[in-house]
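Biologist: I am new to this one. Please show me how to read its features, step by step.

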Amino acid sequence: MGASSGIGLALAEALAKGGLRLGLAARRTEPLHELARRYPDQIEYSSIDVSDSDAPVKLRELITRLGGMDLYFHAAGIGFMNPELNPEVERKMVMTNAVGFSVCLSEAYNYFRSKGGKGQIAALTSVAGTKGIGDMAAYSSSKAFDQTYMTALRQLAHAEGLDLTLTDIRPGWIRTPLLESDKTYPMEMTIEEVLPQILQAVVEKKSVAVIGWKWNLTVGAWRMLPNALWTRMHIKMQKDKDEAAKEESSE
């Protein structure tokens, strides 16, 4: 889910090259159509907007066309800096990252439950879900929701005796179309860097995987900070490229 750009598209291409049969979904279907043209015997695709009420129905239809599902991977999400707290921007992020996330994962969970409970659900959340970040209130909060939701599903699967793995993948900043091209971000990574780590987390069926060793250390430190101290800090998550270049030249 969310296979039309960024990590979702890179992951789809990697799995298709590996010979897997895939069901791909996103709002924009042009990239999915191109992949289906290149791998005609392996790919089914569908136009799905996770924030629409019919998303679960369309997801189940895609699973049916595939003939079943062993792994559901959720890569759909949006993110914006919004220190102005524009209500429409906040609403879009919550609808996509929290509401869309929960309805799609719940549909995947119900599918695996109906088939005896064996399978895997993997999803991209974010290191931003570790703490509430002032410039990214809706984004960081929605990612915290996602992480808690996956913990809840993990507990539910255990209570129901299901052989269902939930893999929460938490990357830091990755240079994808979601990032503003004229900005730099702390500890940026490329898709080429992170893709093997994401695939490894899925194959090893990890419960939680923070992507990037620097981010692993960073979020560990963030967790240790009491909220009283955290709320007095200003976490700057992006800089103009000219500003960043000046800082580098002065060091």
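**Reading the fold**

Modeller: Begin with contacts, meaning heavy atoms within 4.5 Å. Among the chain's contacts with a separation of 6 or more, 63% join residues 24 or more positions apart. This is a predicted model: local features need pLDDT of at least 70 and side-chain atom pairs pLDDT 80 or more, while totals for chains, interfaces and linings use all residues. Residues are numbered from 1 along each chain as its sequence is written, and side-chain values use heavy atoms, with hydrogens and water left out.

Biologist: How many helices and strands are there in the chain?

Modeller: Both are DSSP runs numbered from the N terminus: helices are H or I with at least four residues, strands are E with at least two. The chain has nine helices and eight strands.

Biologist: How do I read the radius of gyration of the chain?

Modeller: Take it over C-alpha atoms, then compare it with the globule rule, 2.2 Å times the number of residues to the power 0.38. Here the radius is 18 Å, close to the 18 Å that the rule gives for 251 residues, so the chain is as compact as a globular protein of that length. Its C-alpha atoms fill a box of roughly 60 × 40 × 35 Å along the principal axes.

Biologist: What share of the residues counts as buried?

Modeller: Buried means under 20% relative accessible area, exposed over 50%, and partly exposed in between (1.4 Å probe, protein chains only). Of the 251 residues, 46% are buried. Accessible areas come from the Shrake-Rupley method with a 1.4 Å probe; for residues, only the protein chains shown count as cover. The chain exposes about 12,800 Å², and carbon and sulfur atoms supply 54% of that.

Biologist: Now a single residue. Where is Gln120 placed, and what does its side chain reach?

Modeller: Gln120 sits in strand 4, residues 119-124. Gln120 is buried, at 6% relative accessible area. A polar contact is a pair of N or O atoms within 3.5 Å; within protein, one must be able to donate a hydrogen and the other to accept it, and residues adjacent in sequence count only if both atoms are side-chain atoms. The Gln120 side chain reaches the backbone oxygen of Val202 at 3.1 Å. Leaving out residues up to four places away in sequence, Gln120 touches several residues, including Asp70, Tyr72, Phe112, Leu164 and Lys205.

Biologist: How many aromatic pairs does the structure hold?

Modeller: Rings of Phe, Tyr and Trp (its six-membered ring) pair if their centres lie within 6.5 Å; planes under 30 degrees apart are stacked, over 60 edge-to-face, the rest tilted. The structure holds five such pairs. Phe101 and Tyr149 are edge-to-face, 6.5 Å centre to centre with 80 degrees between the planes. Phe101 is in helix 4 (residues 87-114) and Tyr149 in helix 5 (residues 137-159), so this pair ties together parts 48 residues apart in sequence. Phe101 is buried, at 1%. Trp222 and Trp230 also pair edge-to-face, at 5.3 Å and 65 degrees. Trp222 is buried at 10%, and Trp230 at 6%. Phe101, Phe145 and Tyr149 form one aromatic cluster.

Biologist: Which value does phi of Lys205 take?

Modeller: Most residues other than glycine have a negative phi. Phi of Lys205 is near 55 degrees, a positive value. Lys205 lies in the loop between helix 6 (191-203) and strand 7 (208-211). Lys205 is partly exposed, at 44% relative accessibility. Phi of Leu85 is also near 55 degrees. Leu85 lies in the loop between strand 3 (71-74) and helix 4, and is partly exposed at 47%.
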